[in-house]
Amino acid sequence: MAKVGLNLDTRKNRMKKEGDYPLVMKLSHKSNTIRISLGYSFHLNMWDQETLSVKGIPNDKHITAKVQGQLSKAKLFLLSNQIEIESMDVGELKKRIQTEIYSTDKTSPKLKTQYLSKKLNTASIIDYSEGKLERLKQSNKNGYAFAINT
């Protein structure tokens, strides 16, 4: 069973010049652990591990809400896809969770699939064909592109 949580990556080699540590989502699956960077860095006294919240900086409530929202999306993904997750390795699971936490409600399923196929390097023949058709249409070599579309 996969698990996900938030913490500051306080390993010695992760400290930045300013003394900040990156905030990461820690993903454990099949005895492997991997970290997903969330793009924030904080001093140790600015992060409360018990409440998973940021404190003492401007916009701390906004950042806390955003980070906790990303954690909720990841947990919901794990709960909703338990059967599929069992066949994934931790690297693929990381990429799928990144797709979920970085997308919004307005992100189309097609765009999510394209992003994920690039991340996993598994574009389908349909994706390739649609891209080829678009390039033919843009280059005004329409005859072949329209013959395929019909």
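This report walks through a predicted protein model, from its overall layout down to a few single residues.

**The whole chain**

Let us start with the big picture. The protein has six helices and five strands. The chain has 150 residues, and 30% of them count as buried. Take the contacts between residues at least 6 apart in sequence: 43% of these join residues at least 24 apart.

How far can you trust the picture? The mean pLDDT of the protein is 83, and 85% of the residues reach 70 or more. Confidence is highest in strand S2 (residues 21–29), with a mean of 93, and lowest in helix H6 (residues 142–149), with a mean of 59. Where pLDDT is low, the predicted coordinates should not be read in detail. Keep that in mind when you look at helix H6, where the mean confidence is 59.

Now find helix H1 (residues 60–80) and helix H3 (residues 90–102), whose axes come within 9 Å and cross at roughly 130°. Because of that angle, H1 is oblique to H3. The crossing of the two helices is right-handed.

Which residues meet here? From H1 come Gln-70, Lys-73, Ala-74, Phe-77 and Leu-78, and from H3 come Leu-93, Arg-96, Ile-97, Glu-100, Ile-101 and Tyr-102. Sorted by class, this contact of H1 with H3 has seven nonpolar, one polar and three charged residues.

Gln-70 deserves a visit of its own. This residue lies in helix H1. Is Gln-70 buried or exposed? Gln-70 has a relative accessible area of 8%, so it is buried. Apart from neighbours within four places in sequence, Gln-70 is in contact with Met-25, Leu-38, Ile-101 and Tyr-102. Two of these partners, Ile-101 and Tyr-102, belong to the H3 side of the helix contact.

**Residues outside the helices and strands**

Ala-2 sits in the segment before strand S1 (3–8). With a relative accessibility of 9%, Ala-2 counts as buried. Setting aside residues up to four places away in sequence, Ala-2 touches Ser-28, His-29, Leu-78, Ile-85 and Leu-93. Among those partners, Leu-78 and Leu-93 also take part in the contact of H1 with H3.

Next comes Lys-55, which you will find in the loop between strand S5 (53–54) and H1. Its relative accessibility is 40%, so Lys-55 counts as partly exposed.

**Two positive phi angles**

Finally, have a look at the backbone in two loops. Leu-52 is in the loop between strand S4 (47–48) and S5. Phi of Leu-52 is near 55°, which is positive even though the residue is not glycine.

Asn-59 is placed in the loop between S5 and H1. What is the phi of Asn-59? Asn-59 has a phi of about 65°, again a positive value in a residue that is not a glycine. At 56% relative accessibility, Asn-59 counts as exposed.

**Looking back**

As you turn the model, try to locate three of these residues again: Gln-70, which is buried at 8%, Lys-55, which is partly exposed at 40%, and Asn-59, which is exposed at 56%.

Technical notes:
Residues are numbered from 1 along each chain as its sequence is written. This is a predicted model: local features need pLDDT of at least 70, side-chain atom pairs count only at pLDDT 80 or more; totals for chains, interfaces and linings use all residues. Side-chain values use heavy atoms; hydrogens and water are left out. Axes are lines fitted to C-alpha atoms, for helices over the stretch in contact, and angles run from 0 to 180 degrees between N-to-C directions. Helices (H or I, at least four residues) and strands (E, at least two) are DSSP runs, numbered from the N terminus. Angles under 35 degrees count as roughly parallel, over 145 as roughly antiparallel, 65 to 115 as roughly perpendicular and the rest as oblique. A crossing is left-handed if the near helix is turned anticlockwise from the far one by less than a right angle, and right-handed if clockwise. Contact means heavy atoms within 4.5 Å. Ala, Val, Leu, Ile, Met, Phe, Trp, Tyr, Cys and Pro count as nonpolar, Asp, Glu, Lys and Arg as charged, and the others, Gly among them, as polar. pLDDT is the predictor's confidence in each residue, from 0 to 100. Buried means under 20% relative accessible area, exposed over 50%, partly exposed in between (1.4 Å probe, protein chains only).
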